[in-house]
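Trainee: I am new to this structure and would like to go through it with questions. Could we begin once the sequence and structure are on show?

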Amino acid sequence: MKNKIILITISIVLVIIATLLVIIFSPKKFFGNVDSYDVTNVIVYDGETGKEFNINQADNIQFIVDNLKGIKAYRSKLGVGSSAEGLKVSLKTDDTLLGEVIITGSDSLRDNLFVYKTDNFICYDYIKDIEEDTNKKVDSTERVDVDKSEAEPHPLVEGELAPDFTAELSGGKTFKLSDYDNKVVIVNFWATWCGPCVGEMPAFEKLKNDGYDKLEIVCINCAEDKSTVDEFVKEMKYTFNIACDVDGKIEKYYPTDGIPYTLIIANGRIKNIFLGADEADAQYKVYKKAVEDCISEIEFEADAASSAGDAIGTDTTE
């Protein structure tokens, strides 16, 4: 009886060991249930620089997601204690996290416990190139003026200066973006034939009626004729700014993979970029939070500048 118990115990232990070996040495695939079309943005935290940046261009997202999904990786060692290393890549749809991983090199990555090695190419250098390009745009103090510029347009990133423009509003007035650099500005690109564009517009009207002193809204129609836009405004009776871009001059410097395309701008810099839209009530909450965060930032910077000015102006001599 005793020998039988020992044999059963040994068998159980061997099964457990075999199972653990299979788990440890079997290849792991990442983001198997994630489709690149479901990912609206990729948030990357660089542990080396301590900076975070956002990737929201569809072609970049597709490349990164498809690359990571195609990797077969094998555990090489425990990864505890190395959380500051590499690029922490988080895949999101709006505010929902779909998955994340830390890429530590062109052939290695890690999750919460293990470092994995792979013979596949990992998009580490690809993401680092995007980071370098993003930093150049964010650090630049040169602002494109759509009305005068002959510069080559490029995909915009959060943190860079928003291209300045003058748009003709429905009704005949004009809207110049830089006139509102001391405010938060929502710039939206839309068309009457775009269901999600038209569907989210009550969110802008609601924000307009919230009465924020430091908020301006302008929705720029993409290349439709002015009579179509005027008729839409007359029918819908919206009170926020709606502009025409018949020749596509403004849209050219705000390139996008689709519409609606919405940017939250504060102090002349792009703070948030949104591609696509949910139904109006949900979108209102998203925009409202972004606007209030930007207003708080503007007020904080204004108070800090005022305090600094008061300190400089105070005579401390006896």
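Mentor: What follows is a set of questions and answers about this predicted model.

Trainee: How far apart are the end C-alpha atoms of helix H3, and what span should its 16 residues have?

Mentor: Helix H3 covers residues 124-139. At 1.5 Å a residue, its 16 residues should span 22 Å. The distance between the end C-alpha atoms agrees with that, at 22 Å.

Trainee: Which residues of H3 are buried, and how wide an arc do they cover around the axis?

Mentor: The buried residues in H3 are Tyr124, Ile127, Ile130, Glu131, Thr134 and Lys137. They lie on the same side of H3, because the arc they cover around the axis is only 150°.

Trainee: What covers the buried residues of H3, and which exposed residues are on the face turned away from the buried side?

Mentor: The cover includes strands S1 (41-46), S2 (51-55), S4 (87-93) and S5 (96-105), together with helix H2 (58-69). On the face of H3 turned away from its buried side, the exposed residues are Lys136 and Asp139.

Trainee: Where is Ile10, and what is the accessible area of the nonpolar patch that it forms with Ile6 and Leu14?

Mentor: Ile10 is in helix H1, residues 2-25. Its relative accessibility is 43%, so Ile10 counts as partly exposed. Together, Ile6, Ile10 and Leu14 form a nonpolar patch on the surface with an accessible area of about 270 Å².

Trainee: Is Lys173 buried or exposed, and how far apart in space are Lys173 and Asn241?

Mentor: Lys173 sits in the loop between strand S8 (166-169) and strand S9 (174-176). With 66% relative accessibility, Lys173 counts as exposed. Leaving aside neighbours within four places in sequence, Lys173 is in contact with Ala167 and Glu168. Lys173 and Asn241 are 68 residues apart in sequence, and their C-alpha atoms are 9.7 Å apart.

Trainee: How many salt bridges does a search of the whole structure find?

Mentor: One of the pairs is Lys289 with Asp293, at 3.0 Å from N to O. Both residues lie in helix H7, four residues apart, about one turn of the helix. Lys289 is exposed, with a relative accessible area of 54%, while Asp293 counts as partly exposed at 42%. For the whole structure, the number of salt bridges found is 16.

Trainee: Which residue forms a salt bridge with Glu216?

Mentor: Glu216 counts as buried, at 17% relative accessibility. The closest N and O atoms of the salt bridge are 3.3 Å apart. The pair links distant parts of the chain, 33 residues apart: Glu216 is in strand S11 (residues 215-222), and its partner is in the loop between S9 and strand S10 (184-190). That partner, partly exposed with a relative accessible area of 21%, is Lys183.

Trainee: How many residues apart in sequence are the parts that Lys288 and Asp210 tie together?

Mentor: The side chains of Lys288 and Asp210 meet in a salt bridge, 3.5 Å from N to O. Lys288 is in helix H7 (residues 280-313), whereas Asp210 is in the loop between helix H4 (195-209) and S11, so the parts tied together are 78 residues apart in sequence.

Methods: Residues are numbered from 1 along each chain as its sequence is written. This is a predicted model: local features need pLDDT of at least 70, side-chain atom pairs count only at pLDDT 80 or more; totals for chains, interfaces and linings use all residues. Side-chain values use heavy atoms; hydrogens and water are left out. Helices (H or I, at least four residues) and strands (E, at least two) are DSSP runs, numbered from the N terminus. The expected span of a helix is 1.5 Å times one less than its number of residues. Buried means under 20% relative accessible area, exposed over 50%, partly exposed in between (1.4 Å probe, protein chains only). The arc is that of the directions from the helix axis to the C-beta atoms. Contact means heavy atoms within 4.5 Å. Patches are made of residues with over 30% relative accessible area and no salt bridge: like charges are joined within 9 Å, nonpolar side chains (Val, Leu, Ile, Met, Phe, Trp, Tyr) within 5 Å. Accessible areas come from the Shrake-Rupley method with a 1.4 Å probe; for residues, only the protein chains shown count as cover. A salt bridge is a side-chain nitrogen of Lys or Arg within 4 Å of a carboxyl oxygen of Asp or Glu.
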